[in-house]
Amino acid sequence: MSRIGVAFDKARADGRAVLVGCMPAGFPTVEGSIAAMTAMVDAGVDVIEVEIPYSDPVMDGPVIQKASDIALAGGVRVADALRIVEAVAATGAPVVTMTYWNPIEQYGVDAFARDMAAAGGTGLITPDLIPDEADEWLAASDAHGLDRTFLVSPSSTDARLKMTVEHCRGFVYATAIMGVTGARAQTSDAAPVLVSRLREVTELPVGVGLGVGTGAQAGTVAGYADGVIVGSALVRCLLDAPDPAAGLAALRALSAELADGVRNPRR
Amino acid sequence: MSANAPAPTGQLPDAAGHFGRFGGRFVPEALVAALDELDAAYRKAMGDESFLAEFDGLLRGYAGTPSLLYPAERFSAKIGARVLLKREDLNHTGAHKVRNVLGQALLTKRMGKRRVIAETGAGQHGVATATAAALFDLDCVVYMGEVDTRRQALNVARMRMLGATVVPVTAGSRTLKDAMNEAMRDWVANVDDTHYLIGTAAGPHPFPEMVRDFVRGIGEEARQQCLDLTGALPDAVAACVGGGSNALGIFHAFVGDPGVRLYGFEAGGEGMETGRHAASITGGSSGVLHGTRTYVLQDSDGQTIESHSISAGLDYPGVGPEHAWLHDSGRATYTPVTDREAMAAFELLCRTEGIIPAIESAHALAGALKIAPGLAAELGREPLIVVNLSGRGDKDVHTAGEYFGILDKEQ
């Protein structure tokens, strides 16, 4: 079983959800993002999701767009993202990468899978790659032992939910609201429905993403999902801070609050 | 849709929207249901006589098609080829784009959606969409890069007069590709009641095929008009290529005619050697952008590189996937035309024919100039070239006036 599967099993045994924290690679700098992700692990984030910045991130809202722009303006490369994966994996936390497809296609799908595995990463989350177009990635992830997390959505038909989870390994990512990433005051009513639809077709752990920004919201999602995925709210800690030290302090505080939230699922 | 046109490209794309190794769907799963719904509605409509009759009625009665095929004799004499201009500039709203917009607006109604969104660069597609939205009583939001809203302030005003909301996009390079990103984000969030009315033959399946089918009347008309006028098919068909809808529109009916050479002219900007261009096929490489696999201007990490062209309508770092396939298969030839070459042809058409072309279309005119000597030598006679004059130049008067230095100082 993959390391991420172990993390989900352990959390399930403890009666809690896994906390997945996302941060763009190279934001605010390569070293800065390693420090941020390490701080997240120290404060209780179970799984780190390293997002490879991309010039045209159609699934991301303004916060992650801005962080990605800063990272790209700083010259971050896909090779840097792999270096970041390696550094963060060294903490012992499972590290997944979230990436739009074109950077992987240009790096070379098999070459990326090989280098991702060598860096200690567990798999990829692919927001704009659906299994229908994923033959090369299916082969490369099998060859290099990586997990595959495809997304499902409230608009997915039952047939597509079934087809998509059959191609997933590690966990499945449920985008709980129809829209781009970004913290929202209220989490979606559609999420529990989508998760229960997934339970009908898979034993895989289900991570729910899009919109969580507080410990209380994390607790609510933890009440029905196996994983709570948080991105924009964490990124905002660094974006809004007056200086890097204050940013890391805010990031630690929010990570701890979210970690506490997933340990107190509201059922 | 004329009934006597050949069905030229066989079975392309396949059922999943692939043109060879290009095309397909590289989209968030959240959009798949909407794309499937659109695909089903489009296939049903194309087999439905009442839809085709309504579409044809709008094209004739509202848009003013079939557009003329005009023998440009004084222009022809200057370039050493017999040139026939497909006068899409005479359509309502001033470009070929009205054909696609009317088709998609009709589909929107059929799907029971009440809101359309669109991206626009120069503003022509935005104006066409706002026009159709007014006609069909649909809510309309147009995303436009902030840089372009300043370059094309008059078109922003036109869209607002027609009742559309224009949203300036401040992300990324603040141009067409970012407007497209923002429209995609809107669509993901509002897909239940909204149709994304993509303006070119690009994007995820079924858009490239559907947009081509809505504009392919251009070539069907031109083919018949050319036969009526000259008794023969042309030696070559020339069109400009940005996203590529006008070029596919005129190419499609000729793809099955082996004697007709197809030429697409990309925006060479300041020259290929400067790197400042928008020639995705000539200067790009295979990649994924805006939901499809095609030729893309990108760096070795797959980050999109900003395009440059004097023509806002060609200023896009990708191209429709069917063009990528036509290039790979060798059926069509793609060549860059620089800003300077395009503007020289622009001026020549103004002065010889009294027609002010869109700067986009001036790339096709410049292309005809480029290929005429070689074709004449190869054929041993004056070649016959059909050029798609895809739009009129009213919107470009300011840009052209500045380029030629003919604006008075206070303007």
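Colleague: Which residues does B:Trp187 touch, not counting residues up to four places away in sequence?

Modeller: In this predicted model, B:Trp187 touches B:Leu31, B:Ala34, B:Leu35, B:Ile117, B:Thr194, B:His195, B:Tyr196 and B:Phe207. B:Trp187 and B:Leu107 are the residues with the most contacts inside the largest nonpolar core, which has 78 residues.

Colleague: What makes a set of residues a nonpolar core?

Modeller: The residues must be buried, come from a list that includes Leu and Trp, and be joined through side-chain atoms within 4.5 Å. In soluble globular proteins, nonpolar side chains tend to be buried together.

Colleague: Why is B:Thr93 called buried?

Modeller: Its relative accessible area is 9%, and buried means under 20%, so B:Thr93 counts as buried. B:Thr93 is in the loop between strand E4 (82-87) and helix H4 (97-110) of chain B. Its phi is near 75 degrees, a positive value in a residue other than glycine. Most residues other than glycine have a negative phi.

Colleague: Why is B:Arg174 called partly exposed?

Modeller: The relative accessibility of B:Arg174 is 33%.

Colleague: Why is H14(B) called roughly perpendicular to H16(B)?

Modeller: The axes of helix H14 (residues 339-353) and helix H16 (residues 397-404) of chain B cross at roughly 105 degrees and come within 12 Å. Angles of 65 to 115 count as roughly perpendicular, so that is the term for H14(B) and H16(B). On the H14(B) side the contact is made by B:Asp339, B:Arg340, B:Met343, B:Phe346 and B:Glu347; on the H16(B) side, by B:Ala400, B:Tyr403 and B:Phe404.

Colleague: How many residues of that contact are nonpolar, polar and charged?

Modeller: The contact of H14(B) with H16(B) has 5 nonpolar, no polar and 3 charged residues.

Colleague: Where is there a cis peptide bond?

Modeller: One joins A:Phe27 and A:Pro28, with omega about -5 degrees. A:Pro28 is in the loop between strand E1 (18-24) and helix H2 (30-42) of chain A. The bond from B:Thr65 to B:Pro66 is also cis, with omega near 0 degrees, and B:Pro66 lies in the loop between helix H2 (49-63) and strand E3 (69-71) of chain B. Most peptide bonds are trans.

How values were computed:
Residues numbered from 1 in each chain as written. Chains lettered and ligands numbered in written order. Predicted model: local features only at pLDDT ≥ 70, side-chain atom pairs only at ≥ 80, totals over all residues. Heavy atoms only, no water. Helix = DSSP H or I, 4+ residues; strand = E, 2+ residues; numbered from the N terminus. Buried < 20%, exposed > 50% of the residue type's maximum accessible area, 1.4 Å probe, protein only. Contact = heavy atoms within 4.5 Å. Axes fitted to C-alpha atoms, helices over the stretch in contact; angles between N-to-C directions. Parallel < 35°, antiparallel > 145°, perpendicular 65-115°, else oblique. Nonpolar A, V, L, I, M, F, W, Y, C, P; charged D, E, K, R; others polar.
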